[in-house]
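User: I've got a model open and I'd like to learn how to read a helix in it. Can you walk me through one?

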Amino acid sequence: MQKHDPILDFTEVTPQARLSASTHGWRAKCLQRLVRLDLPVPRTVALPFHTVRAIAQGALVDCDAMLDIFGPDPLISVRPSPENPDWGGPGTILNIGLNDARHAMLAQTNGQAAADALYLRFIRSFATHVARLDPDMFDAAVPSAQAIRDALTTFETEMDEPFPQDPARQLAEVLRSMARAWEGTSARLLRQAKGAPENGGLGLVVQAMAQGIGKGISGSGVIQFVDPVTGGPQVTGRYLGQSQERDALQAGGAIYLTRDARGPSLEDLAPEAFARLIAHGAVCRARLREEMQIEFTLEDGRLAVLDAVRVVRSSRASLRIAVALADDGIISQNEAVLRVEPRTLSELLHPQVDPRGPRDRLVRGIAASPGAATGRIVFSSDAAQASAARGEPCILVRRETSPEDIRGMHSSAGVLTERGGVTSHAAVIARGLGVPCIVGASDLRLDGRDRKLTAPDGRVFREGDILTVDGTAGEVLAGAADMLAPALDDTFRRLLSWADAVRDIGVRANADTPADAQTARMFEAQGIGLCRTEHMFFEEDRLVVMREMIFADTSKDRAAALARLLPMQRADFVQLFDIMKGLPVCIRLFDPPLHEFLPQGREGLRDLAEALDRPLSEVIRRAEALTEVNPMLGMRGVRLGVVLPEIYDMQVQAIFEATVEVGRRGPAVVPEVMIPLVSARREVELVKARIDAVAAHVRARTGVDFAFKLGVMVETPRAALRAGEIAQHASFLSFGTNDLTQMTYGLSRDDAGRFMNTYVQQGVFPEDPFHILDVDGVGELLLIGSERGRRTRPDLTVSICGEHGGNPESIAFCRRAGFDYVSCSPYRVPLARLAAAHLALQDSAAPRAA
């Protein structure tokens, strides 16, 4: 073919035509499926990607040959057909082929008013979208012969040529305009932001017009058969008489589809057409294996189906639709599992802001913990607890949170902080509690002294004012927003049971309290992979005793104070074991530096001095002595167990006594005791010797034999590197990827948010390593530790228990590495269960090498 020859590479959409989404786009392929289902689709021609690219580069297409397919005097539309519908595309152009002669013919067949409306609409569309003239030049005058003459005159004045009357030229100009729009820089950047590859292709679909403007019952509309928010069966949509395309969704005067007491409906106006639409919807659902939204036109009572697209749906609707399709035998249970994106499950576990309601957004932050909550603003943990005692939901607003705020976070409906990132203290604790949380809302101005916060637009909110925290979207809303309840129904549970049937890695929960354990059981975790015992000590009555222990002068005095904590700890573990009903429970021994249990500020220290009946100067001196330059790398974890062994002695005694008590009335419990922050084998040996001694003492005193497992939490790079020798004394290794990431990178997760965005944007890190596991660096340490540990002890159980445990990417890594289970916060357990099933199903579907 010579360079100047017109292109003939286009295909009429027929049942047998060779079309695919990868060459002609999703719309062309979808229309072919509708044709195969014998739906009344107007005649259609599809242009493949390479033809559209050639048109953008100046090649000509044989528009006369294309128009011949549609018969004499055709009116057509051109629609975009990218490979993926999410990529968007240039706007649809309607009524191509209209000119003075065709306008006169339409006046005879459809009436003068309809002909004027159609012609004027086409002139405006062509002038603004193809000729790129200013839309203001073609004002929205009432369609008439004079309005048409004015529009044609304006076009000729601006373009120095008359409005094109040749349908072939009109079509050629439209195709060129749409092809070049797709190749433009702005369009390219926009679709790349939506995940399209740089060379993502565009097809074009040329379709005969079905006129919704004319005599008799004429109009256009859309119809779908499920509620887009809930996913329940419901006919919904709109119909507008004397309209085209999607006018019914944008213009006033649209009527209902089904009979409705509030006004007229299509079912009343055109019952036969309505019945055919219902039938077409059922056919699409059964044969296309999806819930579809159908775009249709009525022309003098004749129904035409112009398009059908997948119903846009919420997360809860997506799950319900997938399960319903499986229940009806349209798709398999495994396919239903694969159709639900794991991360969207988080939205189903908590109340959500109803997307149909108004949103008065104040500020955006980082979505740190999903769900939504409305409450009155409080600025301190004490105020949050007081609000909870009154039965009033509150939103705890802090510059950033600390361990002292945990009780306040427990009492709050939602949390908002000015600083922090996705792995800051507030974010981690909120996710564990299942409390909606937004962090890093740096555009807010927080004044803790005057108890007020100022929004970027200048609005001021004081303590007691009402806010809504949307932790899913990362938005703070003024006032009380409309809410949707959690969707933890039978549909949710059934989908996850299908997921459990195929996944091949265990999923446990991080649970620090009996309430956390109840949540873990509700979400069907396979045990507790991390119980952080220090969180049990922040209750008011325990905190006082804990502080007495910290200020004790001798080992004997420390043991005496800890003896008062022993029954409290034992009761905690009894509750945990009872709730978990024989499932494994991994208990991490005390980990944080002791200064975290001391009050901040002089006033708090004065209150502590009064409680301990000690001089204020002594309390201040002791508190200063506990202060460390870098406490997270200081006196914490196993180091406390070596230097102050009474703490671990009390804890393991409580664990073993609880084991005996629960075992006496039911199945035997085998607790898993985990030593934190280990970096040397000798640390494990020293702690293990004391644990074995306590176990022997409890066995002798109670006369009950019991088993337990001792393991190590691998949080330091050295522990991973020396895992072979550490495994000599450990039956399991659990990688604490939060601290391991901090120590591998030399980064504080609480401070990294200040520069992390810049690092990711400039390609220093591909992702925030505290949010997505760094498989190259931290991941290599996990592989080294696992391989060396199992070389020493082949039956070694290996897992991760950091925040990464709930991420699909981390679960994929752990499966490949042969880990036994992952452990994550209770509210991420459903996500992890579904993500593990996705990975197993994808692996089973992948082609095997010969």
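Analyst: Helices here are DSSP runs of H or I, at least four residues, and strands are runs of E, at least two, both numbered from the N terminus. Bear in mind that this is a predicted model, where local features need pLDDT of at least 70, side-chain atom pairs count only at pLDDT 80 or more, and totals for chains, interfaces and linings use all residues. Residues are numbered from 1 along each chain as its sequence is written, and side-chain values use heavy atoms, with hydrogens and water left out.

User: Which residues of helix α14 are buried?

Analyst: Buried means under 20% relative accessible area, exposed over 50%, and partly exposed in between, with a 1.4 Å probe and protein chains only. In α14 (residues 381–389), the buried ones are Ser-381, Ala-383, Ala-384 and Ser-387. They sit on the same side of α14 because they cover an arc of only 160° around the axis, taking the directions from the helix axis to the C-beta atoms.

User: What does the face turned away from the buried side of α14 carry?

Analyst: Asp-382 and Ala-389, both exposed, are on that face of α14.

User: And what do the buried residues of α14 pack against?

Analyst: Contact means heavy atoms within 4.5 Å. By that test, the partners of the buried α14 residues are β13 (372–378), β14 (394–398) and α15.
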